[in-house]
Amino acid sequence: MASPLLAGAPGETHLLLGNEAIVRGAVEAGIQFVSCYPGTPSSEVPDTFFRLSPEGAYSFEYSVNEKVALEVAAGATLAGALSLTTMKHVGVNVAADPLLTLTYLGTPGGFVLLSADDPGCHSSQNEQDNRIYARLAGLPVLEPATAQECKDMARAGLTLSRELGAPVLLRTTTRVNHLRGPVVLAEPSVLPAPAGFQKNPARFVPIPAFARPMHLRLLETLDRLRGLAEVSPFNTVSGTGTVGVVASGISRAYLSDALAETGLEGAVKVLELGFSHPLPENLLASFMEGLTTLLVLEELEPVLETEIRALAQRRGLVLTILGKTPGPLPRFGEYGVALVAEALRELSGTAAPKADCACQAPQPAPLPNRPPNLCAGCPHRATYVAVRKIFGDAAVYSSDIGCYTLGILPPLKAADFLVCMGSSISAGCGAAKAAGQTVVGFIGDSTFFHSGITGLVNAVFNRHDILVVILDNRTTAMTGHQPNPGVDKTTLGDNPVSVDIEKLVRGIGIEQVRKVNPLNLKATLKAIGELKDMSGVRVLIAQEPCPLFARRAYGQKRTQVAYVAADCADAAKDGSCGDCLNTLACPAFHLDEAGKMAIDPLLCSGCMLCLQLCSNIKARKGDAK
Amino acid sequence: MSLRLRIFMTGVGGQGTLTATTLLARAALSAGLPVTSGEIHGMAQRGGVVESTLLIGCKSPKIGHGEADILLGFEPLETLRALPYLRAGGLALSSTESLPPLSVATGKEKSPEIADIKARVVEACGRTRFLPCRTLGLEAGAVQSGNIALLGALCAMDALPFGLEVVAATIRATMKPKVAEVNLKALELGAAYPAE
């Protein structure tokens, strides 16, 4: 059955994930080129494009990092292709360099950058507000709040960008990317094939003499965009009264529900800003006429609030503007209906109802937490166990971004610090240099290609002292098994052009290299022991596919499971107990009803690491996963 | 005021919480209701908690403390953890079969007994229903279909603005025939499961 995202007929309604709706919007706009680096909460956009790519009329690539993704798309749009690049918010930091000059060059074929922000840090290391990049780079911003708007704004953004030859920022947040709602499809546009690059150095080569007029042209474009924001159907006014609310992004959804909840629907004046930058100043100024108080609703930084304050001052409007500076709303985390309802009640002087929760009584005792854990059979666990056996707490563990960051938890405790993608190697070098500590850096295969290679070259050139462990599980596991340059399989088939990590490492002059399968504990311990005794830049490549991916892409079936063949209590007495229960944190291990260590045959993946740690664990036939 | 209904769902990564959520959302849409659902699953595949929402007549995909009309817990400890999301007098349905977190499975922490969890849920909620979802799922033909059994029980309690037949039709329309058969059976088993 053809996907409705590609083949759905105009007028049909489908329940779509926000991220799927963005794909449909791009398809309706006539998308021709898509690049990305995956990252939650953006990943379903590129993954859907990838899955549909055999039938889609677009080029798609998983680029090695966000900077590359944006540059590849920049080239494509310069050559006339309608292009989209997707990434999570921190990815825009990586892509900031090309982004801040692409706005000078312009984008003849049309170009939208999707930045998926993460207020509340659901799956990120920070909660930066990328609307600020729009101000820094000079980009218009569209901020959807529903699945329908995800579709409509993706389409409108691409079309607008193509018309103006200026890049557009589609800015979402986790709740928007991961909501589902009904989406009414529309007729896709049919675009001519890309016209190809048209030579014009004064326009496309920002040497200083050309960059100055380019900047002026960008400022003119922003003025035109401001004019379009003034009349955009994504900016709407409703209600009446002397109290006003300006809302953007998902806050618009919270406001809508909070107005219904508080019975204030229609009794306050509301301006919803879907096209939020450049600020539609005339629209706002006329909205503020006659208001005594204005509440600004936006998650994270007081971006609109500050701009609106400046506008009111310039236009001589006297009213109280409330938001985050100084309060009452927070400058961190997510908003919600209750928070907005409380702010509305405060403004309108309505009394708050009594708290109405089913669970008023305090919990008798804190409940046991359920932190995420490395899967049963995860090769990272095996590598961590081996490294800890050799180094224990005597090394500083410089970690990176991927599943393996979960190694932070006891008993593995294999993540002592982490800055950003690729930092394990470079920050690890600095940490080792500062006080002469032993540093082991852990980096996954995808992260190594993303931005670990430059750090490794730097380590060679500056003669740093570090043991780099490349956790090569043959896929980008954390974000959903996307391919990277090193893989030999993707979910769509073979990768014929796999980049060999060992050859690459040796190619930059590192000779102290070992490559092991981490599920072979003896060989791994031997390799780490040897590398420990050396100095300088050393690399261990621990290569074994992610078991979830191996089942899916390689059809891997293991036919044995582990079981406990002896009583661990007795084994503890005679010293033969490997204490796997406490050192491995394997999800298949548990205490049975009699309080004895047991291995759940349904959860055991058959990796057989535990057999190598304890002679009391044996293998038997069974349907390992 | 038009109908507003908020359902909070919680479970453990890999249990199929999101599949159940999407199914119910599709059913609501096919019944012509204005539905929004949301999910939070950053690291869920790694055995963490998965929370999802389904809202009818609301624009927000998020449910705050004290806002849910219905709580569906696909794992009893997670049902207990999510109780603060339920409004006073709300309806709670939970599986009685636990998936202990690692710290409990390895004897480092203790989880409340199932009888204790039930008592606390009953005390806090208006109506409740408890089902052995894993067992019902296995009886239907696949352990993951236990979630659908919980949806069956929800339909049988007349708590939704649409009936069991709408969910059944959605299963038939959106799943492969073999999978649909198992889930339809689970739906029936859950609907028929007696209240205590």
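In this predicted model, the C-alpha centres of domain 3 and domain 4 of chain A lie 27 Å apart. These two belong to a longer series. The domain assignment of chain A gives domain 1 at 4–230, domain 2 at 235–348, domain 3 at 379–554 and domain 4 at 560–621.

Start where domains 3 and 4 meet. Here 10 residues of domain 3 of chain A are in contact with 10 residues of domain 4 of chain A. Look at the domain 3 side of this meeting. Two elements of chain A each give two or more residues to it: α15 (379–391) and α19 (521–532). The largest share comes from α15(A), with 3 residues.

Now move to helix α14 of chain A. This helix covers residues 337–348, and domain 2 of chain A is assigned to 235–348. Helix α14(A) has 12 residues. From first C-alpha to last, α14(A) reaches 16 Å, close to the 16 Å expected at 1.5 Å a residue.

Which residues of α14(A) are buried? They are V337(A), A338(A), V340(A), A341(A), A343(A), L344(A) and L347(A). Next comes the question of what covers the buried residues of α14(A).

Finally, follow the chain out of the helix. G349(A) comes after α14(A), and the phi of G349(A) is positive, near 70°.

Key. Residues are numbered from 1 along each chain as its sequence is written. Chains are lettered from A and ligands numbered from 1 in the order in which they are written. This is a predicted model: local features need pLDDT of at least 70, side-chain atom pairs count only at pLDDT 80 or more; totals for chains, interfaces and linings use all residues. Domain bounds come from an automatic or database domain assignment. Two residues are in contact if their C-beta atoms, placed from the backbone, lie within 7 Å. Helices (H or I, at least four residues) and strands (E, at least two) are DSSP runs, numbered from the N terminus. The expected span of a helix is 1.5 Å times one less than its number of residues. A residue is buried if 20 or more other C-beta atoms lie within 10 Å of its own, exposed if 12 or fewer, and partly exposed in between; C-beta atoms are placed from the backbone.
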